[in-house]
Amino acid sequence: MKFAGSTASDPGPPSGAVTTRRRLPKSARLRRSTEIRAILRSGTRVSCGTFDVFLRDSTDDRNPRLGIVVPRHGHAIVDRNRLKRRVREILRTQWLPAEGRRPERRDLLVRARRAAYERSFEELVADLAECVELESC
């Protein structure tokens with residue numbers, strides 16, 4: 001497997017390095033602005049510390065889906081992407097597996113507040129555990 005920046009003389013990552021990427025499948029993402037607006041309008045809102053969480057029964061019998069909204073004002077794109085990646089990873093590894101075992105399908109939208117930028121990964125996990133049922137918390 002070739003990695004960005006590797007050359008023919010470079011064998012790639014060191015032995016023991018993780019080379020498989022775990023991604024959030026497209027079927028588990030809320031991708032359209034109309035879907036996000038519908039959840040904001042008609043979803044059940046749970047507010048806790050650094051997040052507002054909106055839950056709504058899925059309109060079809062697909063996999064549970066999730067979306068993440070972060071505030072733009074006063075933060076660089078690097079900071080916004082880091083926050084989105086952290087929240088996405090928490091939900092991908094903890095909320096989606098538990099939600100997949102439920103008989104009914106729900107969509108989840110997490111809207112971060114400005115305070116979320118200053119929180120550590122562990123604090124973000126704890127904050128999201130307050131709002132939604134996370135598997136390992």
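Biologist: How many disulfides does a search of the whole structure find?

Modeller: This is a predicted model. A disulfide is a covalent bond between the sulfur atoms of two cysteines. A search of the whole structure gives a count of one disulfide.

Biologist: Which residues form the disulfide, and how far apart are their sulfur atoms?

Modeller: A pair of cysteine sulfur atoms counts as a disulfide within 2.5 Å. The pair formed by C48 and C131 has its sulfur atoms 1.6 Å apart.

Biologist: Which elements hold C48 and C131, and how many residues apart are they?

Modeller: C48 belongs to strand β1 (residues 44-48), and C131 to helix α3 (residues 121-131). Both cysteines are buried. The pair links distant parts of the chain, 83 residues apart.

Biologist: Is V53 buried or exposed?

Modeller: V53 is found in strand β2. L108 is 55 residues away from V53 in sequence, but the C-alpha atoms are 7.0 Å apart in space. Because its relative accessibility is 1%, and the cut-off is under 20%, V53 counts as buried.

Biologist: Which element gives the most to the lining of the largest pocket?

Modeller: The largest pocket holds about 430 Å³ of space and is lined by 15 residues. β3 (65-69) and α2 (77-100) each supply at least two residues of this lining. With five residues, the element that gives the most is α2.

Biologist: What is the make-up of the lining of the largest pocket, in nonpolar, polar and charged residues?

Modeller: L24, R29, K84, R85 and R88 lie nearest the centre of the largest pocket. Across the lining, the division is five nonpolar, one polar and nine charged.

Biologist: Where does α2 bend?

Modeller: The buried residues of α2 include L83, V87, L91, R92 and W95. What covers the buried residues of α2 includes β2 (51-57), β3, β4 (106-112) and α3. The bend of α2 is about 40 degrees, and its place is R92.

Terms used:
Residues numbered from 1 in each chain as written. Predicted model: local features only at pLDDT ≥ 70, side-chain atom pairs only at ≥ 80, totals over all residues. Heavy atoms only, no water. Helix = DSSP H or I, 4+ residues; strand = E, 2+ residues; numbered from the N terminus. Buried < 20%, exposed > 50% of the residue type's maximum accessible area, 1.4 Å probe, protein only. 1 Å grid on protein atoms, 1.4 Å probe; cavity = no way out; pocket = protein on both sides within 12 Å on 5 of 7 lines; lining within 4 Å. Points joined across faces, edges and corners; volume = space filled by probe spheres on them. Nonpolar A, V, L, I, M, F, W, Y, C, P; charged D, E, K, R; others polar. Bend = angle between axes of the 7 residues up to and from the residue. Contact = heavy atoms within 4.5 Å.
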